[in-house]
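Here's a quick walk through one protein model, meant to be read with the viewer open.

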Amino acid sequence: MKLKYIAGMMALVGLSGLAQAGTFNNGGFESGSTAGWSTGGGYRGNDLNSAIAPADFLAGGRLNLDNGERGLVIDKNYVDANLGSLLGSTVLSGNYAYRAEDTTSGGFGTVISQQVKNYTDKDIYFGWKAVLENGGHDEDESAVMILTLTDNTTGQLVLTHTYNAGNGGGGVDSRFQTSGDFFYTSAWQLEHLTIDQSLSGHDFTLSLLAADCEPTGHTGYAYLDGFGSYVPPVPEPETYAMMLAGLGMMGWLARRKKYTKA
């Protein structure tokens with residue numbers, strides 16, 4: 001009886017530890033809100049890209065002016081105001097996603113951020129799309145999207161990804177397409193961030209900032225969705241072919257067995 005009691009207590013302790021481990025998720029997106037996230041916004045008209053970071057636009061940040069009022073939770077019927085059908089779907093999964101910053105210019109930026117404590121998963125998966133208008137400026141002045149992952153336990157910036165609409169296209173990669181003055185990603189970019197196991201159990205903050213250009217006349221915004229620590233693998237075409245071949249073989253064997261019995 002005592003051994004069973006001790007084993008039960010150990011199991012409860014183990015479950016308690018699992019319950020306290022945090023994970024990144026979509027928060028309130030599916031209920032049409034940003035519950036579970038921190039949002040903020042402000043004016044970046046006097047600051048170059050090299051001088052701004054997501055934290056600057058959150059509450060208490062040096063550029064913060066609002067709680068992210070130009071950001072918006074959108075539904076699957078939402079059509080991008082600048083690119084329309086060229087951008088494709090604005091929701092990756094479910095019925096809602098988040099658009100960071102509005103679709104017009106003005107020199108503003110919007111950030112969305114989520115903090116997770118005791119993060120023990122080794123991977124973070126999510127999707128994004130970006131729309132960055134090229135105003136003929138250099139990269140440090142242009143519309144920009146900045147993605148950061150910060151280890152709050154150590155205070156270190158674990159990684160940062162920056163894309164901008166600098167003249168000539170040097171601030172984006174091959175995943176971006178162009179239409180008129182816009183650089184954009186028509187396909188959802190499935191981001192996979194790997195956490196070193198030596199950092200397991202640390203607290204992390206993941207942030208995405210989208211901002212207009214510094215001269216204020218060209219827009220920059222991004223869509224965010226599909227957060228999680230695990231993404232189901234998508235079978236490759238070869239896998240589908242093997243599955244179909246296997247089903248065909250099973251059908252052939254079943255028919256052969258039937259005819260043999262007859």
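Is Arg 70 buried or exposed? At 11% relative accessibility, Arg 70 counts as buried, since buried means under 20% relative accessible area, exposed over 50% and partly exposed in between (1.4 Å probe, protein chains only).

## Before you dig in

This is a predicted model, so local features need pLDDT of at least 70, side-chain atom pairs count only at pLDDT 80 or more, and totals for chains, interfaces and linings use all residues. Residues are numbered from 1 along each chain as its sequence is written, and side-chain values use heavy atoms, with hydrogens and water left out.

## Around Arg 70

Back to that arginine. Arg 70 sits in the loop between β2 and β3 (72-75); strands here are DSSP runs (E, at least two residues), numbered from the N terminus. Its side chain makes a polar contact with the side chain of Asp 66, at 3.0 Å. A polar contact is a pair of N or O atoms within 3.5 Å; within protein, one must be able to donate a hydrogen and the other to accept it, and residues adjacent in sequence count only if both atoms are side-chain atoms.

Setting aside neighbours within four places in sequence, Arg 70 is in contact (heavy atoms within 4.5 Å) with Gly 41, Gly 42, Arg 99, Glu 101, Asp 102, Phe 108, Gly 109 and Thr 110. One of these, Glu 101, is worth a click: it lies in the loop between β4 (96-100) and β5 and is buried, with a relative accessible area of 0%. Its phi is near 80°, a positive value in a residue other than glycine.

## The open sheet

Six strands form an open sheet in the order β2-β1-β5-β12-β7-β8, with antiparallel pairing. Two strands pair if DSSP finds at least two bridges between them. The edges are β2 (64-66) and β8 (156-164), each with a single partner strand, so one side of each has no neighbour in the sheet. Neighbouring strands are turned by 25° against each other on average, direction ignored, using axes fitted to C-alpha atoms (angles from 0 to 180 degrees between N-to-C directions).

Strand β1 (residues 38-43) is joined to β2 by two bridges and to β5 (residues 108-119) by six. Gly 42 shows up in both pairings: its bridge partner in β2 is Asn 64, and in β5 it stands opposite Gly 109.

Pro 215 is found in the loop between β12 (202-211) and β13 (220-228). It counts as partly exposed at 36% relative accessibility. Leaving out residues up to four places away in sequence, Pro 215 touches His 137 and Glu 141. Pro 215 and Asp 47 are 168 residues apart in sequence and 9.3 Å apart in space, C-alpha to C-alpha.

Thr 216 is in the loop between β12 and β13 too. It is partly exposed at 23%, and its phi is positive, about 85°, although it is not a glycine.

## Nonpolar cores

A nonpolar core is a set of buried Ala, Val, Leu, Ile, Met, Phe, Trp, Tyr and Cys residues joined through side-chain atoms within 4.5 Å. The largest one has 34 residues, and those with the most contacts inside it are Phe 24, Ile 124, Phe 126, Leu 149 and Leu 206. The largest share of this core, five residues, comes from β6.

Apart from it lies another core of 11 residues, including Leu 87, Tyr 184, Trp 188 and Tyr 223.

How values were computed:
Helices (H or I, at least four residues) and strands (E, at least two) are DSSP runs, numbered from the N terminus.
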